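In this notebook I record what I looked up in one structure, entry by entry.

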Amino acid sequence: MLVDLFLPAVLTAIMFSLGLGLRTTDFSRVLRTPRAFALGAFNQMILLPIIGFAICIVFGLPPALAVGVMVLALCPGGVLSNVLARFAKGSVPLSVSLTAVISLTSIITMPILAALSVSYFMGADAPPVDVTALGVSMFLLTAVPVAIGMLLTRFAPDFVARLAPWMSKIALVLFVILIILALAANWATFKANIATLGPALLTMNAALLFLGVLTSKLAGLSVQETTTVAIESGIQNGTLGIAVGSMIAGVATGLPEMALPTAIYSVTTWALSLPFVAWRRSLAN
């Protein structure tokens, strides 16, 4: 019930909400801030998977949980990263541009790298991963609702102006409900793994926020750009991570081990994200 009905609906709503805030100029904007965008893209697509892999090795995570951490590390940012960038007084246009472009790129990169992660960590016990089917599913669940949202923004701007604020709130509420339901339905598994996954995920989150700030400062980015790059580096699309982990595991009900790291991350990330947002917001004043 969770995976085959509610989860796809929530992911579709979140990506549709993202599309409502997008225009074609958001994609061309990367040409006007090439350094900030390039760094943000590098951190998300290269640095994040490397840190995720290192966390799996250092903490000695079991194979299925290690795959789940890698799936999380391969996810782009989402609506939550855009909201946090706004609250932190970062560059919202940069945040939206990174989320949009990396979300579309991940339709290709996620299935390939996820399949490699499954093979590496699970070996002979690895379930078969249909890269093409996974890519098609991601396309239908992410690119299509984003495109519909963009078309509405283009052809019905007045309607979107009224809908978008509500849709963003609805998407966040649905995300919170999804996480609560997922953890409640798998409470025993959550309790059995929180001692292992909690420290690992907090360490990954802290490392990415820190490296986001560090690399931005080394690149000479502004305070607002630094805030956004750090948030986009450290905040992933939890709904997508749960969906992909569940699809790889071939589970249509409940929450498989491969999706558990993302579900736990969606809770633990607030412990660092909220203080980080408050800190960056104080620097912008």
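**Entry 1: Met-204 and the cores**

I began with Met-204, which is in contact with Ile-51, Gly-52, Ile-55, Val-69 and Leu-72, leaving aside its neighbours within four places in sequence. Contact means heavy atoms within 4.5 Å. I noted that this is a predicted model, in which local features need pLDDT of at least 70 and side-chain atom pairs count only at pLDDT 80 or more, while totals for chains, interfaces and linings use all residues. Residues are numbered from 1 along each chain as its sequence is written, and side-chain values use heavy atoms, with hydrogens and water left out.

I then asked which residues touch the most other members of the largest nonpolar core. They are Met-110, Leu-197, Leu-201, Met-204, Ile-242, Val-244 and Ile-248, in a core of 74 residues. A nonpolar core is a set of buried Ala, Val, Leu, Ile, Met, Phe, Trp, Tyr and Cys residues joined through side-chain atoms within 4.5 Å. Buried means under 20% relative accessible area, exposed over 50%, and partly exposed in between, with a 1.4 Å probe and protein chains only. Helix H4 (residues 63-73) gives the largest share of this core, 9 residues. Helices are DSSP runs of H or I with at least four residues, numbered from the N terminus. I also found a second, separate core of 10 residues, with Leu-39, Ala-41, Leu-94 and Ile-102 among them. As background, nonpolar side chains tend to be buried together in soluble globular proteins.

Is helix H5 (residues 79-87) largely enclosed or open? I found that H5 is largely enclosed by the rest of the structure, because 7 of its 9 residues are buried. The buried residues are Val-79, Leu-80, Ser-81, Asn-82, Val-83, Leu-84 and Ala-85.

Lys-89 is placed in the loop between H5 and H6. Its phi is near 60°, a positive value in a residue other than glycine. Lys-89 counts as partly exposed, at 33% relative accessibility.

**Entry 2: H6 against H7**

I next examined helix H6 (residues 92-122) and H7, whose axes come within 9 Å and cross at roughly 150°. Axes are lines fitted to C-alpha atoms, for helices over the stretch in contact, and angles run from 0 to 180 degrees between N-to-C directions. H6 and H7 are therefore roughly antiparallel to each other; angles over 145 degrees count as such, those under 35 as roughly parallel, 65 to 115 as roughly perpendicular and the rest as oblique. The crossing of H6 and H7 is right-handed. A crossing is right-handed if the near helix is turned clockwise from the far one by less than a right angle, and left-handed if anticlockwise.

On the H6 side, the contact is made by Leu-104, Ser-106, Ile-107, Met-110, Pro-111, Ile-112 and Ala-115. H7 contributes Val-131, Leu-134, Gly-135, Met-138, Phe-139, Thr-142 and Ala-143. By class, I recorded 11 nonpolar, 3 polar and no charged residues. Ala, Val, Leu, Ile, Met, Phe, Trp, Tyr, Cys and Pro count as nonpolar, Asp, Glu, Lys and Arg as charged, and the others, Gly among them, as polar.

Ala-143 of H7 is buried, with a relative accessible area of 9%. Apart from neighbours within four places in sequence, Ala-143 is in contact with Leu-104, Ile-107 and Met-138. Ala-143 and Phe-16 are 127 residues apart in sequence and 8.9 Å apart in space, C-alpha to C-alpha.

Phe-155 also lies in H7. Phe-155 counts as exposed, at 63% relative accessibility.

**Entry 3: H7 against H11**

Helix H7 (residues 131-155) packs with helix H11 (residues 238-249) at an angle of about 150°, with the axes 11 Å apart. That makes H7 roughly antiparallel to H11. Leu-134, Ser-137, Met-138, Leu-141 and Thr-142 of H7 make the contact with Leu-240, Val-244, Met-247 and Ile-248 of H11. I recorded 7 nonpolar, 2 polar and no charged residues here.

**Entry 4: H3 against H10**

How are H3 and H10 oriented, roughly parallel or roughly antiparallel? Helix H3 (residues 34-58) and helix H10 (residues 223-234) pack at about 20°, with their axes 9 Å apart, and they are therefore roughly parallel. Their contact has 4 nonpolar, 4 polar and 2 charged residues.

Methods. Helices (H or I, at least four residues) and strands (E, at least two) are DSSP runs, numbered from the N terminus.
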